[in-house]
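I opened a new structure today and kept notes. The entries follow in the order of my look-ups.

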Amino acid sequence: MKKGKIKRAGIDTLILFFEPYASKGACTVPTGYNFVLINRLHRERILFLGQQVDNEIANQLMGLMIYLTIEDDTKDVYLFINSPDGWVTPGTAMYDTMQFVQPDVYTICMGLNASMGSFVLVGGEITKRTTEEFVLEAEELLKLRETLTRVYVQRTGNPLWVVSEDMERDVFMSATEAQAHGIVDLVAVKNTGYFT
């Protein structure tokens, strides 16, 4: 990340110039993005969460929220969210930051917000959380879920109620448990070339 200073009304203001994602700095933007545009949006207090919530994106957004608060704690921040899931720890850290900063944080649902994405969405200032009606998409998601469930039932041999119950939450299985559940047929025995 390159830093530059400009003089504005007698106050030094730090401007962040973003480099490609490969730099793995504290504030990064994926390669191919227009860095001038992203920088301009951030100065307008517009932030984006367009992926699962993980440590890297959470730290970037928390840092930007705090920076924008220091710059002007009277102007609201707008967080556009399209996040299907994410990790609990960085998601709750983002939520805590949204509650901590002085400006109101508007949260705007763009697309799908589920799991930790919906938790960040609900963290916006009450009366300033927005979404659009997407009944068609919800119906399509339900159809997709039904299709996935039918495939699991057919391919694993498990009854519908077992598969439906498993799909309600994350289920972590060992290789042997996955085999017993019908998800895999063979389990490789480490370093032997044999299968059980």
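Is R45 buried or exposed? I found R45 buried, with a relative accessible area of 4%. Buried means under 20% relative accessible area, exposed over 50%, and partly exposed in between (1.4 Å probe, protein chains only).

I noted the ground rules next. This is a predicted model, where local features need pLDDT of at least 70, side-chain atom pairs count only at pLDDT 80 or more, and totals for chains, interfaces and linings use all residues. Residues are numbered from 1 along each chain as its sequence is written, and side-chain values use heavy atoms, with hydrogens and water left out.

**Positive phi.** R45 sits in the loop between α1 (35-43) and β3. Helices (H or I, at least four residues) and strands (E, at least two) are DSSP runs, numbered from the N terminus. Phi of R45 is near 70°, a positive value in a residue other than glycine. I then looked up S115, in the loop between β5 (105-113) and α4 (116-122). Its phi is near 55°, also positive. S115 is partly exposed, at 48% relative accessible area.

**D54.** I placed D54 in the loop between β3 (46-49) and α2 (55-71). D54 counts as buried at 16% relative accessibility. Its side chain reaches the backbone nitrogen of E56 at 3.2 Å. A polar atom of the D54 side chain also lies 3.0 Å from the backbone nitrogen of I57. Leaving out residues up to four places away in sequence, D54 touches W87 and P90; contact means heavy atoms within 4.5 Å.

Key: A polar contact is a pair of N or O atoms within 3.5 Å; within protein, one must be able to donate a hydrogen and the other to accept it, and residues adjacent in sequence count only if both atoms are side-chain atoms.
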